[in-house]
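Me: I would like to go through the strands and helices of this model with you. Could we begin as soon as it is on screen?

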Amino acid sequence: MARFLLQFRALFLLIVLLSGSVVRTISVGVGINYGQIANNLPSPSRVAVLLHSLSISRVKLYDADQNVLRAFSNSNVEFIVGVGNEDIPNMTDSTKAQAWIEQHVLPHLPQTKITCITVGNEVLSGNDTQLISNLVPAMKTIYDVLVSLGLNDQVNVSTAHSLTILTTSFPPSSGTFRQDLMQYIEPLVEFHAQTKSPFLINAYPYFAYKSNPSGIPLDYVLFRPNQGLVDPITNLNYDNMLYAQIDAAYSAIKAMGHNDIEVKISETGWPSKGDSDEVGATPENAGIYNSNILRRIEEKQGTPMKPSVPIDVFVFALFNEDLKPGPASERNYGLFYPDGRPVYDIGLRGFLPRMDYSSAAYKSQVQYIFGLFILSFTTFLLQA
């Protein structure tokens, strides 16, 4: 009987493990960037299990991948989907914009929660003047289509910016937008104010540290205890660079005459590996940075300028992406390896199933094990 009970317990644990229900998580309001520039990533249905096990309920895509959106159907995950930079010119045409929404958004509502459409990524910091001039018209056209479909209260429209759109970022109270971009930023800010959509920034203190490691204290960029920097105009103390960057964006928007637009972090992170000249790209630093981000989100902290507004952050990124171009750091921002192992330990313990939940092989395996479980349980009851 003892041997049977051990077999029974082993079968039960195997079923539980296959279901992905034995995990340890940190439940915080963090969002995650789910990039897919790789050839070794798990299927979207497996990723859905992983994110559920981590209690992550906000995901940002760089496209509107239909397989991903279907895999998260009837989940509680909120999605930001993206219009690629290459599609922005087409989005200035209302017919093409409506076709894009009908193809990429409507089929997934309401079973998949799509809450935002980002139009391009870091467009204003690029050199394509046609793309830059088309950005706001494309955003307006997409928004008008959403209005016509009665979706504008459910789905907002935004675009993500590099901090290079700022002329000045310190002190934070002196944050201003670049003069050469003002003709595009003025209507953009007005659009955000009118539609009540967030101003999104991709903020990476790592870049600042990498470019000047001798002049920028590592503790200041990693959220570790330090004396901080004081804004001489407001006398506010900043103990980390990310909060200073957020408040610089708030100040730049305020200089445009608006206090009614929320700034959110669409990307931030730290690479766990880099080339020889990429100072600071280590697993230790990446773990410290992201662990401290999670802690401050969990504490619902605000910035010195906006202490009552909890920071809203999407961490970059879910997985290391082996096909991303550029320096080695670009391929090493992930919290996880593609096989589901954490790149470093920050307390996140998720479960990535070994095979696709929708596959015939998985279903066959589950049915077989469940059959064994029922047989063993019945035998146990008869022998008890």
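**Helices and the barrel**

Reply: In this predicted model, helix H11 (residues 283-298) lies across E11 and E12 and runs at about 150° to E12.

Me: And how many bridges join E11 to E12?

Reply: There are 2 bridges between E11 and strand E12 (residues 313-315), and the two strands run parallel. Valine 315 in E12 is the bridge partner of threonine 268.

Me: Which strands does helix H10 touch?

Reply: Helix H10 (residues 241-255) packs on the sheet and touches E8 and E11. The direction of H10 makes about 135° with that of E11.

Me: Let us turn to E8. Which way do its residues point?

Reply: Strand E8 covers residues 199-202. Phe199 and Ile201 point one way, Leu200 and Asn202 point the other way, and all are buried.

Me: What joins E8 to E11?

Reply: Strand E11 (residues 263-268) is joined to E8 by 4 bridges, and the pair runs parallel. Glutamate 267 in E11 is the bridge partner of asparagine 202.

Me: How many bridges join E5 to E8?

Reply: Strand E5 (residues 156-162) and E8 are joined by 3 bridges, again in parallel. Here histidine 161 has isoleucine 201 of E8 as its bridge partner.

Me: In what order do the strands close into a barrel?

Reply: The barrel has 8 strands, in the order E1-E2-E3-E4-E5-E8-E11-E12, with parallel pairing. From one strand to the next, the twist averages 25°.

Key. Residues are numbered from 1 along each chain as its sequence is written. This is a predicted model: local features need pLDDT of at least 70, side-chain atom pairs count only at pLDDT 80 or more; totals for chains, interfaces and linings use all residues. Side-chain values use heavy atoms; hydrogens and water are left out. Buried means under 20% relative accessible area, exposed over 50%, partly exposed in between (1.4 Å probe, protein chains only). Two strands pair if DSSP finds at least two bridges between them. Axes are lines fitted to C-alpha atoms, for helices over the stretch in contact, and angles run from 0 to 180 degrees between N-to-C directions. Contact means heavy atoms within 4.5 Å.
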